[in-house]
Amino acid sequence: MKMLINVPETVVADALRGLAAAHPELTVDVENRVIVRRDAPVAGKVGLVSGGGSGHEPLHGGFVGPGMLSAACPGEVFTSPVPDQMLRAAAAVDSGAGVLFIVKNYTGDVLNFDMAAELAEDEGIQVAKVLVNDDVAVTDSLYTAGRRGTGATLFVEKIAGAAADEGMPLERVEAIARQVNENSRSFGVALSACSTPAKGSPTFDLPPGELELGIGIHGEPGRERRAMMTSGEIAEVAVEAVVEDLRPRNPVLVLVNGMGATPLLELYGFNAEVHRVLAARGVPVARVLVGNYVTSLDMAGASLTLCQVDEEMLRLWDAPVKTPGLRWGV
Amino acid sequence: MLDADFFRRWMTVTAASVDREAERLTALDSPIGDADHGSNLHRGFTAVTAALEKEAPGTPGGVLTLAGRQLISTVGGASGPLYGTLLRRTGKALGDAAEVSAEQLAEALRAGVDAVMTLGGAAPGDKTMIDALVPAVDALGDSFATARTAAEEGAVATTPLQARKGRASYLGERSIGHQDPGATSAALLVAGLAEAAGE
């Protein structure tokens, strides 16, 4: 697999140097792997820190800025960052109002953020944590690592970021973040596997004419393989999986998310099919976002995330945001 | 009796075997994980050997706690905190004695493995590193070589299991038929112990 890289060992550092060059409004510590908004800590406001493996860009570093994250910690590709990074980020953004860790539910992310939270509290930083676990393809039981955090991470980071921006206290920001997660569900499909720079070839073998249903965002195969389907058929499977689990009574935010190698032309076509199926099921749509936001390197495919919102959540969603990856109202 | 030199040797030979086996670990991590186990552990053990050279701790416990701290700070993922905790807790259990017996090491390692089970929530049979570590610790009373064999057999025995923890658990029944990369690297760590002892 050809890649636009120098050597696999430096892909993360190279991307961080490029992010710094493109966004002088961010402080990018390439050596210590921390991206912080330049005006942090913002007096009197809760700091929001997230992070995770690289390879999901623009998540998380592309969501640092006013109205969203205060800092992000990128790990190696598909590998959670280490506690040292999170501690450094927390110290950089804590104004005294406390810090919220937004953690996608993967064993590695959870363990490293837990260790970081203990270290931060030792240093007198008040830390709250919220887990994102929206992927309905995973059975949540005692016998799995639980549902994965995927597309809902964007909704949590945006809405909690707006809440922090309004000056809400830590416990309120945490409660809103939790509310967003509890009201969000996702389902993803892959048309091709992705290739990590370290491996250089696809992480699993997906023959032509087949697709994977219920994939995650780390190149892991899904729950089920089927013969290739049309965009409309995929929309029916994805909407059914999400709606049957969420059973929304309020309007929803819709995220039609590309996995990295699917053109916007196809994503918009898929969005049309998603809307057709949602309308047929009587689910009202409040807002829509279409694009590549929570990606999986060069995987082809898409995920659908719905988030059921009340008036406050919708107001916070609409609030101004100014980050490399998401920007409106400013 | 085992001194700090023995424990340094254990870490160095493990670093070398992780280096040799990195590609195999990553290959095992492809069908049921995310294809990075070898490169992540390689980064960690490279940092361990560098730190041991620089700081040269004088006790067995000092060597292992430093190694554990390095793994936590450099590996990331689940394996960083898990392997880091294994070595750190084992090191702490050894205290600041200049030399320890094989029995003391076995006891300390059991404390380390218990800490890993508490942190990660995995039990034997979940298709994780625990499936190599628990039989190894049980066999340590005999010899390091017996422990190595037990760990290797434990790793191979993960193949027919369905994963219940970690990223492979997302695959459900599709995780069956693949040897667990974490159990495989844990067997390398135990083999390093035997190699360091010249067994």
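**Figure 1. The two domains of chain A, with C-alpha centres 22 Å apart.** This is a predicted model, scoring ipTM 0.84 and pTM 0.91. Chain A splits into domain 1 (8–182 + 319–328) and domain 2 (184–314). Where they meet, 24 residues of domain 1 are in contact with 30 residues of domain 2. On the domain 1 side, helix H4 (152–165) and helix H5 (170–182) of chain A each bring in at least two residues. H4(A) gives the largest share of that side, with five residues. Sort the domain 1 side by class and you get 13 nonpolar, seven polar and four charged residues.

**Figure 2. The largest nonpolar core, a set of 174 residues.** Two alanines, A:Ala71 and A:Ala160, touch the most other members of this core. Both domain 1 (8–182 + 319–328) and domain 2 (184–314) of chain A contribute residues, so the core lies between them. As a bit of background, nonpolar side chains tend to be buried together in soluble globular proteins. Zooming in on A:Ala71, and skipping its neighbours within four places in sequence, the contacts include A:Val34, A:Ile35, A:Val36 and A:Ala40. Also among them are A:Gly47, A:Val49 and A:Val64, along with A:Ala89, A:Ala92 and A:Val93.

**Figure 3. Where chain A meets chain B: 32 residues of chain A in contact with 28 residues of chain B.** On the chain A side, strand S4 (71–77), helix H2 (83–93) and helix H3 (107–122) each supply at least two residues. The largest share of that side, five residues, belongs to H3(A). The class tally for the side of chain A that touches chain B is 14 nonpolar, twelve polar and six charged residues.

**Figure 4. Two cis peptide bonds in chain A, from A:Glu57 to A:Pro58 and from A:Leu59 to A:His60.** Why give these bonds a panel? Most peptide bonds are trans. Omega is near 10° for the bond from A:Glu57 to A:Pro58, and near -15° for the one from A:Leu59 to A:His60. A:Pro58 lies in the loop between S3 and S4 of chain A, and A:His60 also has its place in the loop between S3 and S4. Is A:His60 buried or exposed? A:His60 is buried, since 30 other C-beta atoms lie within 10 Å and the cut-off for buried is 20 or more. Leaving out residues up to four places away in sequence, A:His60 touches A:Ser50, A:Gly51, A:Gly52, A:Leu69 and A:Ala72. Take A:Ser50: that residue is ten places from A:His60 along the chain, with 6.7 Å between the two C-alpha atoms.

**Figure 5. A:Gly62 in the loop between strand S3 (47–54) and S4 of chain A.** Which residues does A:Gly62 touch, not counting those up to four places away in sequence? They are A:Glu57, A:Thr323, A:Pro324 and A:Gly325. For the pair A:Gly62 and A:Pro324, the separation is 262 residues in sequence, yet C-alpha to C-alpha they are 4.9 Å apart in space. A:Gly62 counts as buried because 21 other C-beta atoms sit within 10 Å.

**Figure 6. Positive phi at A:Leu297 and at B:Ala56.** Most residues other than glycine have a negative phi. For A:Leu297, phi is near 50°; for B:Ala56, phi is near 40°. A:Leu297 is in the loop between strand S11 (285–291) and strand S12 (300–308) of chain A. B:Ala56 is in the loop between helix H2 (37–55) and helix H3 (60–74) of chain B. What about burial at these two spots? A:Leu297 is buried, because 23 C-beta neighbours fall inside 10 Å. B:Ala56 has 12 such neighbours inside 10 Å, so B:Ala56 counts as exposed.

**Figure 7. The stretch of chain B annotated "domain: DhaL" in UniProt, residues 5–195.** The annotation comes from an unreviewed entry. Over residues 5–195, chain B is 71% helix and 1% strand. As for confidence, chain B averages a pLDDT of 95, and 100% of the residues score at least 70.

Key:
Residues numbered from 1 in each chain as written. Chains lettered and ligands numbered in written order. Predicted model: local features only at pLDDT ≥ 70, side-chain atom pairs only at ≥ 80, totals over all residues. Contact = placed C-beta atoms within 7 Å. Helix = DSSP H or I, 4+ residues; strand = E, 2+ residues; numbered from the N terminus. Nonpolar A, V, L, I, M, F, W, Y, C, P; charged D, E, K, R; others polar. Core = buried A, V, L, I, M, F, W, Y, C linked by C-beta atoms within 7 Å. Domains from an automatic or database assignment. UniProt positions renumbered as here; feature names shortened; annotations may be inferred. pLDDT = per-residue confidence, 0-100.
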